[in-house]
Number of protein chains: 2
Amino acid sequence: MARAGLTAERLTQAAAELADEVGFENVTVSALARHFGVKDASLYSHIRNAHDLRVRLAVLALAELAERVAAAIAGRSGKDALVAFAQAYRTYAHEHPGRYTATQMALDPDTAATSAAAKHAEMTRAILRGYDLWEPDQTDAVRLLHSTFHGYVSLERAGAFHSHPRGVEASWLRSLDALDSLLRSWPTD
Amino acid sequence: MARAGLTAERLTQAAAELADEVGFENVTVSALARHFGVKDASLYSHIRNAHDLRVRLAVLALAELAERVAAAIAGRSGKDALVAFAQAYRTYAHEHPGRYTATQMALDPDTAATSAAAKHAEMTRAILRGYDLWEPDQTDAVRLLHSTFHGYVSLERAGAFHSHPRGVEASWLRSLDALDSLLRSWPTD
DNA sequence: TAGGCTTGCCTAGAGGTCCTAGGCAAATAA
DNA sequence: TTATTTGCCTAGGACCTCTAGGCAAGCCTA
């Protein structure tokens, strides 16, 4: 009997593809086992449980997203960097809906620190170098940007913007203009 | 044998309470049946299936949230209205985490139109009356505000802001200042 | 108040997911 | 080659979803 050659990495990778196909919430141990032509129980020597699998998937997705964003903002600054960041973020979410959903998992503090989650804040902060913002305004702005990007993508995918004919793409670009303008004249109390 | 007196409404209400206690994803038909001291199968004469139950819960939560927000902005305008809206929105999400998660369910177009989801956009639009914004900027601003509020609450609950010592509350209030400032000087191309 | 009707909740049971315990055999090390 | 590790297996329990069909509580009407 030939072995399937499973590893935690291969499982995580396959889970990521599965997530994009059928949605993050449908990434089950059973489905993954089926995909490899193997019994459910066989996976438990590689992953601790279903939650562990999803955490690994989240960490993978966070790393991919961080990499994309880093590549996008490299060599840019100011509004260029802001737009590049936002486009990379949103594009990743659209191309990899399941993986993107995974990035929103609540990770325990240890995992979050080890993962690329911290890199996000750092990169968002890098964008702000092109603007005249210092602590604590910088942190407030980072949080606002992150929230807006995530909120936009999240609501868009939930269909919240379908009720109005105005194109989502156009609104998105205008919102980036608005955020740029806001960062350039951040209210100082 | 006395009857439990179940109705779709009572089930939905109980599901809402359950969601806030154990999380939206743990709202199961079984758990609900246990709560009423009844067998799982008994619920299927009142609700079609588990998905139907969750949709009803989402519709309930959307209505509650809309009501809170409407009460908050009544009689206010401009920045007052903006802040009241935002606070009501975030407070609801904090007090009713399970219900709030439910509001993010992807509803089919019919249900969404019938539900209070449409009311949200309408109310956000009402806020903008205090600012000098007209179509299509108004729609863009509505989407930006909605995204930011949802994104903030969502990231906050996922623990995304814990990595930095700056208080989330302080950041949130500053972000509202920033949004107010942005709406007052919305960039016109 | 006795009959009949509706309907609320039941039992039984099939199928799916998660996970543990323990076993055999393939791959690797001694 | 033998010993050890490791990968995948079978078996089985617990929980969740949902369907089909049954009995009786509570309502009507006479």
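From the N terminus on, the elements of chain A follow the order α-α-α-α-α-α-α-α-α, and chain A accordingly is listed with nine helices and zero strands. Helices (H or I, at least four residues) and strands (E, at least two) are DSSP runs, numbered from the N terminus. The model is predicted: local features need pLDDT of at least 70 and side-chain atom pairs count only at pLDDT 80 or more, while totals for chains, interfaces and linings use all residues. Residues are numbered from 1 along each chain as its sequence is written, chains are lettered from A and ligands numbered from 1 in the order in which they are written, and side-chain values use heavy atoms, with hydrogens and water left out.

The C-alpha trace of chain A spans about 65 × 40 × 30 Å along its principal axes. Of the 189 residues in chain A, 51% are buried, where buried means under 20% relative accessible area, exposed over 50%, and partly exposed in between (1.4 Å probe, protein chains only). Contact is defined as heavy atoms within 4.5 Å. Among the contacts in chain A with a separation of 6 or more, 69% are between residues 24 or more positions apart. Chain A exposes about 8,900 Å², of which carbon and sulfur atoms supply 52%; accessible areas come from the Shrake-Rupley method with a 1.4 Å probe, and for residues only the protein chains shown count as cover. The 20 positive and 23 negative charges of chain A have mean positions 5 Å apart. Lys and Arg count as positive and Asp and Glu as negative, with His and the chain ends not counted; the place of a charge is taken as NZ of Lys, CZ of Arg, CG of Asp or CD of Glu.

Chain B is superposed on chain A by a rotation of 180° with 0.1 Å of shift along its axis, at an RMSD of 0.1 Å. This is the relation of a two-fold axis. Both copies use the same surface, since 100% of the contact residues of chain B recur in chain A. The superposition is by least squares on the C-alpha atoms of residues with pLDDT of at least 70 in both copies.

The largest nonpolar core holds 126 residues, and A:Phe149 and B:Phe149 touch the most other members. A nonpolar core is a set of buried Ala, Val, Leu, Ile, Met, Phe, Trp, Tyr and Cys residues joined through side-chain atoms within 4.5 Å. Beyond residues up to four places away in sequence, B:Phe149 touches B:Leu82, B:Phe85, B:Ala86, B:Tyr89, B:Trp172, B:Leu176 and B:Leu179. B:Phe85 is also touched by B:Ile73, together with B:Ala81, B:Met123 and B:Ile127, under the exclusion of residues up to four places away. B:Ile73 lies in helix α3 of chain B and is buried, with a relative accessible area of 13%.

B:Phe24 is buried at 11% relative accessibility, and B:Val27 is buried at 1%. Outside four places in sequence, the contacts of B:Phe24 are B:Ala19, B:Arg54, B:Leu57, B:Gly98, B:Thr101, B:Ala102 and B:Met105. With residues up to four places away not counted, B:Val27 touches B:Ala15, B:Leu18, B:Ala19, B:Leu53, B:Arg54 and B:Leu57. The C-alpha atoms of B:Val27 and B:Leu53 are separated by 8.9 Å.

Helix α3 (residues 50-73) of chain B also includes B:Val59, which is partly exposed at 28% relative accessible area. Apart from neighbours within four places in sequence, B:Val59 is in contact with B:Thr111 and B:Ser115.

In chain A, A:Arg99 belongs to helix α5 (residues 97-103) and is buried, with a relative accessible area of 6%. Contacts of A:Arg99 past four places in sequence include A:Glu17, A:Asp20 and A:Glu64.

Cis peptide bonds join A:Glu135 to A:Pro136 and B:Glu135 to B:Pro136, with omega about 0° in chain A and about 0° in chain B. A:Pro136 sits in the loop between α7 (117-127) and α8 (137-158) of chain A, and B:Pro136 in the loop between α7 (117-127) and α8 (137-157) of chain B.
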